[in-house]
Amino acid sequence: MDKSMTGMGVRMADRLTSVIDIRGDVTAASEPALMAAYEEASRQGAQRLVLNFSRLEYMNSGGIGMLVTLLVRANRQHQPLAAYGLSDHYREIFELTRLDEAIGIYDDEQSALAG
Amino acid sequence: MNRVACPAPRRLASFALASVPGSERVALMQVADSVAHLNLPPQRLNKLKTAVAEVTMNAIEHGNDNRADLAVDIEVFYSGTEIIVTVTDHGGCGDPGWADEDDAEIPDLDRKLSGDQGPGGWGLFLIRHMVDGMKVTVEGERRTVRLTMRTTVPGGQAGGLRHIGG
């Protein structure tokens, strides 16, 4: 059920930055899709990654764990991560888990790209 | 001194879900539907939904071992001042198991990023931070996690209670 509820798209927003558009759910079952998107972004030469959560419907603890895995991989490649489009609820969860200290949080794509 | 009897919490919903992936989404929607008339502020309702989903997911995966033939039983009550959600699985085995806070390692992002901790283990941490109370009871193989969320806060008229909702 949950596997089909995740969608990821990758686009180069500028020469060095890729945006990963996340649709639907972020759970442990989303890991293959997110990691494939990350690899695609890296292949495109992204030195910085922006996660677009504006079409996120649901994220659980498994999804948070998956974001930690992504952070570890991106840190190894010295690729900073940013995010935008989080609802107040998920912003609070990012604060609780301290993900907001490791991932720059912005209100919109323009700010995230400028950051 | 005479004591005023507290009315028993009123049951708002009672349902059982199969232990299959995705049932936690059904649980959070059904719980949200059952408390909709209480007009919790959206932020509080989202917290309750997240906690219910996490407890249900743990009940499915760790309590019932993903056995579809074992149900997760969920009940929702309203006491007049708080919402109570109970989630029961079949993995008690005489101890709190996955819901044992004393056994759970506190997730630490720095340790996770340095590889000292695995990336997961956020479930119990999230549950504790989303609701006002969490209590675990075990009776034989039946483990019940009881979540509480207040719908009132102190500070109403004459030091009474003020409803949190809109």
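1. The crossing of helix α3 of chain A with helix α2 of chain B is right-handed. This is a predicted model, and the remarks below should be read accordingly.

2. Two packed helices are described by the angle between their axes and the distance between the axes. Here, the axes of α3(A), residues 88-97, and α2(B), residues 42-63, come within 10 Å and cross at roughly 60°.

3. Regarding the residues involved, α3(A) contributes Asp88(A), His89(A), Glu92(A) and Ile93(A), which meet Gln43(B), Asn46(B), Lys47(B) and Thr50(B) of α2(B). Sorted by class, this contact of α3(A) with α2(B) has 1 nonpolar, 4 polar and 3 charged residues.

4. Chain A also holds an open sheet of 5 strands, in the order β1-β2-β3-β4-β5 and with mixed pairing. The edges are taken by β1 (6-12) and β5 (104-106) of chain A; each has a single partner strand, so one side of each is left without a neighbour in the sheet. Direction ignored, neighbouring strands of this sheet are turned by 20° against each other on average.

5. Helix α1 of chain A, residues 31-43, lies across β1, β2 and β3 (48-59) of that chain. Relative to β1(A), helix α1(A) runs at about 10°.

Terms used: Residues numbered from 1 in each chain as written. Chains lettered and ligands numbered in written order. Predicted model: local features only at pLDDT ≥ 70, side-chain atom pairs only at ≥ 80, totals over all residues. Heavy atoms only, no water. Axes fitted to C-alpha atoms, helices over the stretch in contact; angles between N-to-C directions. Helix = DSSP H or I, 4+ residues; strand = E, 2+ residues; numbered from the N terminus. Left-handed = near helix turned anticlockwise from the far one by under 90°. Contact = heavy atoms within 4.5 Å. Nonpolar A, V, L, I, M, F, W, Y, C, P; charged D, E, K, R; others polar. Pairing = 2+ DSSP bridges.
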